[in-house]
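Keep the picture open while you read, and try to find each residue as it comes up.

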Amino acid sequence: MGIVANILVGLVALEHLYILYLEMFAWETKGKKAFKGSLRPELFAPTKVLAANQGLYNGFLAAGLIWSFFITDAAWSTHVAVFFLTCVIVAGLYGAVTATRKIFFIQALPALLALGAVLLK
(Lines give C-alpha, C1' and ligand atoms only; values in the text may rest on other atoms or scores of the structure.)
Protein backbone atom coordinates (compact mmCIF):
# COMPACT_ATOMS: atom_id res chain seq x y z
CA MET A 1 0.00 0.00 0.00
CA GLY A 2 1.11 3.58 -0.52
CA ILE A 3 2.45 5.68 2.33
CA VAL A 4 -0.70 7.81 2.66
CA ALA A 5 -2.89 4.71 2.57
CA ASN A 6 -0.74 3.04 5.24
CA ILE A 7 -0.90 6.09 7.48
CA LEU A 8 -4.69 6.35 7.16
CA VAL A 9 -5.24 2.62 7.71
CA GLY A 10 -2.92 2.81 10.72
CA LEU A 11 -4.85 5.75 12.16
CA VAL A 12 -8.16 3.89 11.79
CA ALA A 13 -6.59 0.86 13.50
CA LEU A 14 -5.28 3.02 16.36
CA GLU A 15 -8.68 4.65 16.74
CA HIS A 16 -10.30 1.25 17.13
CA LEU A 17 -7.68 0.15 19.64
CA TYR A 18 -8.55 3.27 21.63
CA ILE A 19 -12.26 2.46 21.38
CA LEU A 20 -11.43 -1.07 22.60
CA TYR A 21 -9.66 0.46 25.60
CA LEU A 22 -12.55 2.81 26.37
CA GLU A 23 -15.22 0.14 26.08
CA MET A 24 -13.38 -2.74 27.73
CA PHE A 25 -11.29 -1.10 30.42
CA ALA A 26 -12.41 2.49 30.99
CA TRP A 27 -16.16 2.35 30.36
CA GLU A 28 -17.14 3.96 33.67
CA THR A 29 -14.36 6.57 33.68
CA LYS A 30 -12.99 7.86 30.37
CA GLY A 31 -15.73 6.04 28.45
CA LYS A 32 -18.34 8.01 30.32
CA LYS A 33 -16.71 11.23 29.08
CA ALA A 34 -16.11 10.01 25.52
CA PHE A 35 -19.67 8.72 25.08
CA LYS A 36 -21.31 11.59 26.96
CA GLY A 37 -24.81 12.17 25.67
CA SER A 38 -25.08 8.68 24.17
CA LEU A 39 -26.11 7.13 27.45
CA ARG A 40 -27.45 8.49 30.72
CA PRO A 41 -24.68 8.50 33.37
CA GLU A 42 -26.45 5.98 35.61
CA LEU A 43 -26.49 3.42 32.77
CA PHE A 44 -22.72 3.07 32.41
CA ALA A 45 -22.34 0.65 35.35
CA PRO A 46 -25.11 -1.76 34.28
CA THR A 47 -23.92 -1.77 30.66
CA LYS A 48 -20.25 -2.42 31.45
CA VAL A 49 -20.32 -6.03 30.17
CA LEU A 50 -22.16 -5.04 26.99
CA ALA A 51 -19.63 -2.27 26.34
CA ALA A 52 -16.75 -4.69 26.87
CA ASN A 53 -18.25 -7.00 24.26
CA GLN A 54 -18.50 -4.06 21.85
CA GLY A 55 -14.90 -3.17 22.63
CA LEU A 56 -13.79 -6.66 21.74
CA TYR A 57 -15.35 -6.31 18.29
CA ASN A 58 -13.56 -2.99 17.81
CA GLY A 59 -10.37 -4.84 18.69
CA PHE A 60 -11.08 -7.38 15.95
CA LEU A 61 -11.46 -4.54 13.44
CA ALA A 62 -8.13 -3.07 14.55
CA ALA A 63 -6.46 -6.49 14.42
CA GLY A 64 -7.63 -7.02 10.84
CA LEU A 65 -6.32 -3.64 9.76
CA ILE A 66 -2.99 -4.25 11.49
CA TRP A 67 -2.83 -7.73 9.94
CA SER A 68 -3.00 -6.11 6.49
CA PHE A 69 0.42 -4.54 7.15
CA PHE A 70 2.07 -7.93 7.64
CA ILE A 71 0.78 -9.60 4.48
CA THR A 72 3.57 -9.68 1.92
CA ASP A 73 1.38 -10.19 -1.15
CA ALA A 74 0.27 -6.70 -2.21
CA ALA A 75 -3.09 -7.76 -3.64
CA TRP A 76 -3.99 -9.88 -0.62
CA SER A 77 -2.93 -7.07 1.76
CA THR A 78 -5.15 -4.64 -0.14
CA HIS A 79 -8.12 -7.02 -0.07
CA VAL A 80 -7.80 -7.53 3.69
CA ALA A 81 -7.53 -3.76 4.29
CA VAL A 82 -10.55 -3.11 2.05
CA PHE A 83 -12.61 -5.75 3.87
CA PHE A 84 -11.87 -4.42 7.36
CA LEU A 85 -12.24 -0.77 6.33
CA THR A 86 -15.61 -1.64 4.81
CA CYS A 87 -16.62 -3.28 8.10
CA VAL A 88 -15.64 -0.09 9.94
CA ILE A 89 -17.61 2.03 7.46
CA VAL A 90 -20.72 -0.12 7.82
CA ALA A 91 -20.45 -0.02 11.62
CA GLY A 92 -19.97 3.76 11.51
CA LEU A 93 -22.95 4.28 9.22
CA TYR A 94 -25.13 2.05 11.37
CA GLY A 95 -24.07 3.92 14.49
CA ALA A 96 -24.71 7.26 12.81
CA VAL A 97 -28.23 6.20 11.87
CA THR A 98 -29.15 4.45 15.13
CA ALA A 99 -27.21 6.32 17.82
CA THR A 100 -25.71 9.69 16.93
CA ARG A 101 -24.56 11.37 13.71
CA LYS A 102 -21.27 12.13 15.41
CA ILE A 103 -20.26 8.49 14.87
CA PHE A 104 -20.18 9.08 11.12
CA PHE A 105 -17.45 11.69 11.52
CA ILE A 106 -15.52 9.81 14.18
CA GLN A 107 -15.66 6.31 12.72
CA ALA A 108 -17.00 6.10 9.17
CA LEU A 109 -15.38 9.18 7.61
CA PRO A 110 -11.77 8.28 8.55
CA ALA A 111 -12.37 4.76 7.24
CA LEU A 112 -13.86 6.14 4.01
CA LEU A 113 -10.78 8.33 3.52
CA ALA A 114 -8.50 5.36 4.21
CA LEU A 115 -10.50 3.17 1.84
CA GLY A 116 -10.22 5.79 -0.88
CA ALA A 117 -6.46 5.99 -0.38
CA VAL A 118 -6.12 2.20 -0.45
CA LEU A 119 -8.14 1.92 -3.66
CA LEU A 120 -6.25 4.77 -5.34
CA LYS A 121 -2.74 3.57 -4.53
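Predicted model: local features only at pLDDT ≥ 70, side-chain atom pairs only at ≥ 80, totals over all residues.

## How the helices pack

| Helix pair | Angle | Axes apart | Crossing |
|---|---|---|---|
| α1 (residues 3-25) and α3 | roughly 160° | within 7 Å | left-handed |
| α3 and α4 (residues 74-98) | about 160° | 8 Å | left-handed |
| α4 and α5 (residues 102-120) | about 155° | 8 Å | left-handed |

Start with α1 and α3. Their axes cross at roughly 160°, which makes α1 roughly antiparallel to α3. Sorted by class, the residues where α1 touches α3 are 15 nonpolar, eight polar and two charged.

Now move on to α3 and α4. These two helices pack at an angle of about 160°, so α3 runs roughly antiparallel to α4. Which residues of α3 meet α4? On the α3 side you'll find F60, L61, G64, L65, W67 and S68, and they meet W76, S77, V80, A81, F84, L85, C87 and V88 in α4. The contact of α3 with α4 is made up of 11 nonpolar and three polar residues, with no charged ones.

Next comes the pair α4 and α5. How are α4 and α5 arranged, roughly parallel or roughly antiparallel? With an angle of about 155° between them, α4 and α5 are roughly antiparallel to each other, because angles over 145 degrees count that way. On the α4 side, the contact includes T78, V82, L85, T86, V88 and I89, and also A91, G92, L93, G95 and A96. From α5 come I103, F104, Q107, A108 and A111, along with L112, A114, L115, V118 and L119. Split by class, the contact of α4 with α5 has 16 nonpolar residues, five polar ones and no charged ones.

Let's pick I89 to begin with. You'll find I89 in helix α4. Is I89 buried or exposed? With a relative accessibility of 8%, I89 counts as buried. Leaving out residues up to four places away in sequence, I89 touches A108, A111, L112 and L115. Take A111 as an example: I89 and A111 are 22 residues apart in sequence, yet their C-alpha atoms are 5.9 Å apart in space.

L93 is also a residue of helix α4. At 39% relative accessibility, L93 counts as partly exposed. Setting aside neighbours within four places in sequence, L93 is in contact with F104 and A108.

Over in helix α3 sits N58. Its relative accessible area is 9%, so N58 is buried.

## Aromatic rings

Time for some rings. A pair of aromatic rings is described by how far apart the centres are and by the angle of the planes. The structure holds seven aromatic pairs. One of them is Y57 with F60: the ring centres are 6.0 Å apart and the planes stand at 80°, so this pair is edge-to-face. Y57 and F60 are three residues apart in helix α3 (residues 48-70), which means about one helical turn separates them. Y57 is exposed, at 51% relative accessible area, whereas F60 is partly exposed, at 46%.

Another pair is F104 with F105. Here the ring centres are 5.1 Å apart and the planes are at 85°, so F104 and F105 are edge-to-face. F104 has a relative accessible area of 23% and is partly exposed, while F105, at 54%, is exposed.

To finish, look for W27, F35 and F44, which form one aromatic cluster.

Methods
Residues numbered from 1 in each chain as written. Heavy atoms only, no water. Phe/Tyr/Trp six-rings, centres within 6.5 Å; stacked < 30°, edge-to-face > 60°. Helix = DSSP H or I, 4+ residues; strand = E, 2+ residues; numbered from the N terminus. Buried < 20%, exposed > 50% of the residue type's maximum accessible area, 1.4 Å probe, protein only. Axes fitted to C-alpha atoms, helices over the stretch in contact; angles between N-to-C directions. Parallel < 35°, antiparallel > 145°, perpendicular 65-115°, else oblique. Left-handed = near helix turned anticlockwise from the far one by under 90°. Contact = heavy atoms within 4.5 Å. Nonpolar A, V, L, I, M, F, W, Y, C, P; charged D, E, K, R; others polar.
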